[in-house]
Amino acid sequence: MVEFPRRLRTALIAVLLLSGSTPAVAWAARYPPPVSIVNRLTDKCLEIDHGWGSGAMALQWECHRGPHQVWRIHDLGNTYVRLVVEHSGLCLQAGSLGEVVRTYPCDIAETHQQWRQVDRGWLGYKFQNRYTGWWLEVQEASHDPGKPVVTWTEHAGLHQVWPVLQL
């Protein structure tokens with residue numbers, strides 16, 4: 001498959017979408033724009049801990065737009081999305097309550113990898129795991145770089161809110 005530079009790809013998608021082309025809609029869904037996912041409380045980015053394989057842990061770190069901080073949010077329909085990290089192409093997957101969120105090979109049937117993206121207006125989004133019902137958050141509302149990202153029960157803390165910034 002031919003890989004187009006980002007600006008050219010974006011322009012091509014825009015032209016095809018404006019023309020009403022069905023393949024353009026499919027292409028835009030397959031190649032969503034790259035984003036940073038930033039914690040509202042700490043102003044640090046969701047990052048995968050430099051691991052390339054299954055089981056690499058999610059944490060927060062100072063934002064620098066490295067490939068292990070770049071995400072693509074794939075719309076699965078019915079308000080669910082899949083969060084795919086750019087550097088490995090793996091999906092963010094929830095485990096047990098309070099357990100560190102990790103990446104694993106993407107599987108469309110795996111509900112541990114499906115997240116409901118809930119709009120909180122200007123604050124950003126909350127992400128609720130489809131399988132567990134728990135919410136993505138920075139552990140213990142810590143501001144420390146390297147603090148793990150976990151799932152927890154819903155509450156009003158800003159460490160469960162994540163603005164999504166298009167790169």
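Start by selecting residues 125–129, strand β9: the strand is mostly covered, with 4 of its 5 residues buried. Buried here means under 20% relative accessible area, exposed means over 50%, and partly exposed is in between (1.4 Å probe, protein chains only). Strands are DSSP runs of E with at least two residues, numbered from the N terminus.

Before going further, a word on what you're looking at. This is a predicted model, where local features need pLDDT of at least 70, side-chain atom pairs count only at pLDDT 80 or more, and totals for chains, interfaces and linings use all residues. Residues are numbered from 1 along each chain as its sequence is written, and side-chain values use heavy atoms, leaving out hydrogens and water.

β8 and β9 run antiparallel and are joined by 5 bridges; two strands pair if DSSP finds at least two bridges between them. Pick D119 and you'll find its bridge partner, Y125, in β9. The hairpin has 5 residues between the strands, and G121 takes a positive phi near 65 degrees there.

Is Q114 buried or exposed? Q114 counts as buried, because its relative accessibility is 6%. Show side chains and look for R130: a polar contact of 2.6 Å joins the side chains of Q114 and R130. (A polar contact is a pair of N or O atoms within 3.5 Å; within protein, one must be able to donate a hydrogen and the other to accept it, and residues adjacent in sequence count only if both atoms are side-chain atoms.) Not counting residues up to four places away in sequence, Q114 also touches several others, including L76, Y80, I108 and Q128; contact means heavy atoms within 4.5 Å.

Time for the core. Which residues have the most contacts inside the largest nonpolar core? That core has 20 residues, and I37, L46, W71, L83, L92, W115 and L136 are the ones with the most contacts inside it. By nonpolar core I mean a set of buried Ala, Val, Leu, Ile, Met, Phe, Trp, Tyr and Cys residues joined through side-chain atoms within 4.5 Å. Two or more residues come from each of β1 (34–37), β2, β4 (71–77), β5 (80–85) and β10 (135–138), and β5 gives the most, with 3 residues. Zoom in on L136: beyond four places in sequence, its contacts include L46, L92, W115, F127 and W162.

Hop over to I48 in strand β2 (residues 45–48). I48 is buried, with a relative accessible area of 0%. Among the contacts of I48 beyond four places in sequence are W71, V85, H87 and T103.

Two backbone stops now. Most residues other than glycine have a negative phi. D43, in the loop between β1 and β2, has a positive phi of about 60 degrees although it is not a glycine, and D43 counts as exposed at 56% relative accessibility. A141, in the loop between β10 and β11 (149–152), has a positive phi near 55 degrees and is partly exposed at 24%.

Finally, color by pLDDT, the predictor's confidence in each residue, from 0 to 100. The protein averages 87, and 82% of the residues score at least 70. Check residues 11–19, where pLDDT stays under 50, and residues 21–28, where pLDDT also stays under 50.
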